[in-house]
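Hi everyone, thanks for coming along.

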Amino acid sequence: VLGGRTFEVDAWAHRDHTFGGERDWDKFYRWNYLCGAVDGFWFNAVRVRFLDATTPWIHVGCLWNGEELRDLSAVEMTVHTADGGTRQTGVEVVLTDERGEKHEIRSEEVLGVGSVRIWRTWLKDGVVRYRYRGREGYGILEHGYVEGAELD
């Protein structure tokens, strides 16, 4: 319902569960979250760094290959940025699923960014166009960091 009017939507969707009272945003030094859907294939992957730039990245995620849900055993992610690392401009990611299959996904276009400041932390949700195996889809490239963080 929007403006008192009901609209029917027949589409793939993703619900973001990141906001809520349990999240202490200042504990994240840096992170990137990706989600996307490309013609029956969808994925979620995140990398988080706690404390400072010397701590290792933690990676988690999953994907739906059109037939089954698979855990990710590895996430290789390169986020391209501008403005001193504060604005995402694209991403290249290789997701290796639990069966060893590699999925190369790329976005070279950020269609828009919604920025939110929460205490000392910046959360920047970019809507992006993804490319996967010759097909196009859409999703989120989230770029987050604590002010003063060393950005690479």
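Let's start with Asp97, which is buried, with a relative accessible area of 0%. This is a predicted model, by the way, so please hear every value as computed from that prediction. Which residue does the side chain of Asp97 meet in a salt bridge? The partner is Arg70, and the N to O distance is 2.8 Å. Asp97 sits in strand β5 and Arg70 in strand β4, which covers residues 69-82, so this pair ties together parts that are 27 residues apart in sequence. Is Arg70 buried or exposed? Arg70 counts as buried, because its relative accessibility is 8%, and the cut-off for buried is under 20%.

Arg70 has another partner as well: a salt bridge links Arg70 to Glu101, with the closest N and O atoms 3.0 Å apart. Here Arg70 in strand β4 pairs with a residue in the loop between β5 and β6 (102-118), so parts 31 residues apart in sequence are tied together. Glu101 counts as partly exposed, at 30% relative accessibility. If you follow the shared partners, salt bridges join Glu68, Arg70, Asp97, Arg99, Glu101 and Arg133 into one network.

How many salt bridges does the count come to? The answer is 13. One of them joins Glu136 and Arg129, whose closest N and O atoms are 3.8 Å apart. Glu136 is partly exposed, at 43% relative accessibility.

Let me step back to the whole chain. It has 8 strands and 0 helices, so reading from the N terminus you simply get β-β-β-β-β-β-β-β. There are 152 residues, and 39% of them count as buried. Among contacts with a separation of 6 or more, 44% are between residues 24 or more positions apart. The chain exposes about 9000 Å², and carbon and sulfur atoms supply 50% of that.

How confident was the predictor? The mean pLDDT of the chain is 88, and 88% of the residues reach 70 or more. Among the elements, strand β5 (residues 87-97) has the highest mean pLDDT, 97, while strand β1 (residues 28-38) has the lowest, 91.

Leu34 counts as buried, at 0% relative accessibility. What does Leu34 touch, leaving aside residues up to four places away in sequence? The list is Phe43, Asn44, Ala45, Met77, Val91, Val93, Tyr130, Ile140 and Leu141. Take Ala45 from that list: Leu34 and Ala45 are 11 residues apart in sequence, and their C-alpha atoms are 5.2 Å apart in space.

Now please find His143, in strand β8, which spans residues 135-146. His143 is buried too, with a relative accessible area of 1%. The side chains of His143 and Asn32 are joined by a polar contact of 3.0 Å. Beyond residues up to four places away in sequence, His143 touches several others, including Arg30, Trp31, Val79, Thr81, Trp122 and Leu123.

Let's move to the surface. Phe50, Leu51, Ile58 and Val60 make a nonpolar patch of about 380 Å². Within that group, Leu51 lies in the loop between β2 (41-50) and β3 (58-64). Leu51 is exposed, with a relative accessible area of 69%.

Finally, two loop residues with a backbone angle worth a look. Asp39 lies in the loop between β1 and β2, and its phi is near 45°, a positive value in a residue other than glycine. Asp39 is exposed, with a relative accessible area of 61%. Arg133 is in the loop between β7 (121-132) and β8, and phi of Arg133 is near 50°, again positive in a residue other than glycine. Arg133 counts as exposed, because its relative accessibility is 51% and the cut-off for exposed is over 50%.

Note on methods:
Residues numbered from 1 in each chain as written. Predicted model: local features only at pLDDT ≥ 70, side-chain atom pairs only at ≥ 80, totals over all residues. Heavy atoms only, no water. Helix = DSSP H or I, 4+ residues; strand = E, 2+ residues; numbered from the N terminus. Buried < 20%, exposed > 50% of the residue type's maximum accessible area, 1.4 Å probe, protein only. Polar contact = N/O pair within 3.5 Å; in protein donor to acceptor, adjacent residues only side chain to side chain. Contact = heavy atoms within 4.5 Å. pLDDT = per-residue confidence, 0-100. Patch = residues over 30% accessible without salt bridge, like charges linked within 9 Å, V, L, I, M, F, W, Y side chains within 5 Å. Areas by Shrake-Rupley, 256 points an atom, 1.4 Å probe, with all protein chains shown as cover. Salt bridge = Lys/Arg side-chain N within 4 Å of Asp/Glu carboxyl O.
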